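Let's take a friendly walk through a protein structure together. Have a look at the picture first, and then we will go through its parts.

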Amino acid sequence: MLILWKLFFSFIKVGLFSVGGGYAAIPLIQNQIVDIHHLMTMEEFADLITIAEMTPGPISINSATFVGNKLAGIPGALLCTFGVVLPAFLLCLLLAYFYYKYRSFGGVQTILASLRPAVVALISGAGLSILSLALFQAQKADIVLSNFHIIEAILFVGGIIALRKFKTNAILVIFGSGVIGTIAYYLV
Amino acid sequence: MKKESLISEEILEINNYKKTEHVLWDLFKTMFMLSACTFGGGFVIVSLMKKKFVEELGWLEEDEMLDITAMAQSCPGPLPINASVILGYRMKGILGSFVAVIGTSLPPLIIITAISYFYEEFRSNRVIATALQVMRAGVAAVIFDVVYNLASNIIKTKNRFYILLMIVTFIMNYFLGFSAMLIILTCLSLGICTILLDLRKEHKARC
């Protein structure tokens, strides 16, 4: 029972202080789980990060579920996930309340309008990172041109055509590229 | 004037839709599906949400989706969760937030719980590794499609300040490695400066 509470409060802290998404949460989780409470070894933690990266969903939820499960079964998983989500839930609810109350005000509109181009830029940056991982399995300076993955390049172009020309469902494009690409890899 | 009445009609339509209990189930179902497909981080789900809620369902306007993303990025916690809290609130208040967050959290919870029982096998399985690698191509295609639409809408405003802001923040984030949080805060202060400048101009004009 005590371990459950410990876990719950650890993950509330992770949820509260992981500002800036995804990878920002990793050192926090490591600090709470490995260094402070000794609930996992560093090796187990490295495994956890590998698994979290391989599965869909935010890294902090993935690791909360994984740690919870490992130490206290399914109730543990639920409690840890709840802990990591709770601060975000309350803060965003507050923000949403103010946004929908005041968003039609001129000043608020001006501020929001200057945020939108930045959001577009951030999404494009994320897209380029994923594209270079798909095409070269590396990022920016580590890209080796001879390591070009032709199958992924064809899938990417095919995906764009499917989305823009045939208005194919995005989820279908993601899973379709997974299935077609895997078959292609084993045939070539 | 005409545009305004169109918007208010739209809002009326959404409000009618809000009344049906259907919207909660739709919200849950959609967030569950999108969350299950979010390979590769927070901005993937934002792209998927934009396609689904703006283009397909027409629940949100494009600007609103960008605002939600900016707010979600500036709160602590995972981006998909934050975005679904705000979106849920927009659709059906606190209850909507609750339902949307459960929809978003369940897929990773179920998948990781299932995997934690045989993660050695999962981690060393070559077919899974290949599938995950090639799937990135599809994810990248979805993001590029969304970015193309968003960026061309910014360019269409012909506002040089916003276009420049988009290019500069892109370089800051992608090439110089500034964090998303820092970039949002910088633009927030820029926005506040614009307001102060406008106020000063007005003040001078009056004097």
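In which helix of chain B is L182(B) found? L182(B) is found in helix α9, which covers residues 180-206 of chain B. Helices here are DSSP runs of H or I with at least four residues, strands are runs of E with at least two, and both are numbered from the N terminus.

Before going on, a word on the ground rules. This is a predicted model, in which local features need pLDDT of at least 70 and side-chain atom pairs count only at pLDDT 80 or more, while totals for chains, interfaces and linings use all residues. Residues are numbered from 1 along each chain as its sequence is written, chains are lettered from A and ligands numbered from 1 in the order in which they are written, and side-chain values use heavy atoms, with hydrogens and water left out.

**Chain B as a whole**

Chain B has nine helices and zero strands. Its C-alpha trace spans about 75 × 45 × 30 Å along the principal axes. Of its 207 residues, 51% count as buried. Buried means under 20% relative accessible area, exposed means over 50%, and partly exposed lies in between (1.4 Å probe, protein chains only). Contact means heavy atoms within 4.5 Å. Among contacts in chain B between residues at least 6 apart in sequence, 57% join residues at least 24 apart.

**A nonpolar patch**

L182(B) also belongs to a nonpolar surface patch of about 560 Å², together with I167(B), I171(B), F175(B), L176(B) and F178(B). Patches are made of residues with over 30% relative accessible area and no salt bridge; like charges are joined within 9 Å, and nonpolar side chains (Val, Leu, Ile, Met, Phe, Trp, Tyr) within 5 Å. Accessible areas come from the Shrake-Rupley method with a 1.4 Å probe, and for residues only the protein chains shown count as cover. L182(B) has a relative accessible area of 38%, so it is partly exposed. Helix α8 (residues 160-175) of chain B gives the most to the patch, with three residues.

**Spans listed by UniProt**

An unreviewed UniProt entry places the feature "transmembrane region" at residues 27-49, 94-115, 127-148, 160-176 and 182-199 of chain B. For chain A, an unreviewed entry lists residues 7-29, 76-99, 119-138, 144-163 and 170-187 under that feature name. UniProt positions are given in the numbering used here, feature names are shortened, and annotations may be inferred rather than shown by experiment. Some of these spans are described in the table.

| Span | Helix and strand | Distance between end C-alpha atoms |
|---|---|---|
| Residues 27-49 of chain B | 78% helix, 0% strand | 11 Å |
| Residues 127-148 of chain B | 100% helix, 0% strand | 32 Å |
| Residues 76-99 of chain A | 100% helix, 0% strand | 34 Å |
| Residues 144-163 of chain A | 70% helix, 0% strand | 29 Å |

**Where the chains meet**

The contact takes 94 residues from chain B and 86 residues from chain A. The area buried between the two chains is about 8,300 Å², and carbon and sulfur atoms give 78% of it. Buried area is the accessible area (1.4 Å probe) that two parts lose on being put together, summed over both. On the chain B side, P76(B), I112(B) and Y174(B) lose the most area to chain A, together 8% of what that side buries.

**Salt bridges**

How many salt bridges does the rule find across the interface of chain B and chain A? The rule finds three there. A salt bridge is a side-chain nitrogen of Lys or Arg within 4 Å of a carboxyl oxygen of Asp or Glu. R116(A) forms one with D67(B), with the closest N and O atoms 2.8 Å apart. R116(A) also meets D63(B) in a salt bridge (3.4 Å, N to O). That pair crosses between chains, from helix α5 (residues 106-136) of chain A to helix α4 (residues 62-74) of chain B. R116(A) counts as buried because its relative accessibility is 9%, whereas D63(B), at 38%, is partly exposed.

Within chain B, the side chains of R90(B) and E64(B) meet in a salt bridge (2.4 Å, N to O). This pair links distant parts of the chain, with R90(B) in helix α5 (residues 79-115) and E64(B) in helix α4, 26 residues apart. R90(B) is buried at 12% relative accessibility, and E64(B) is buried at 2%.
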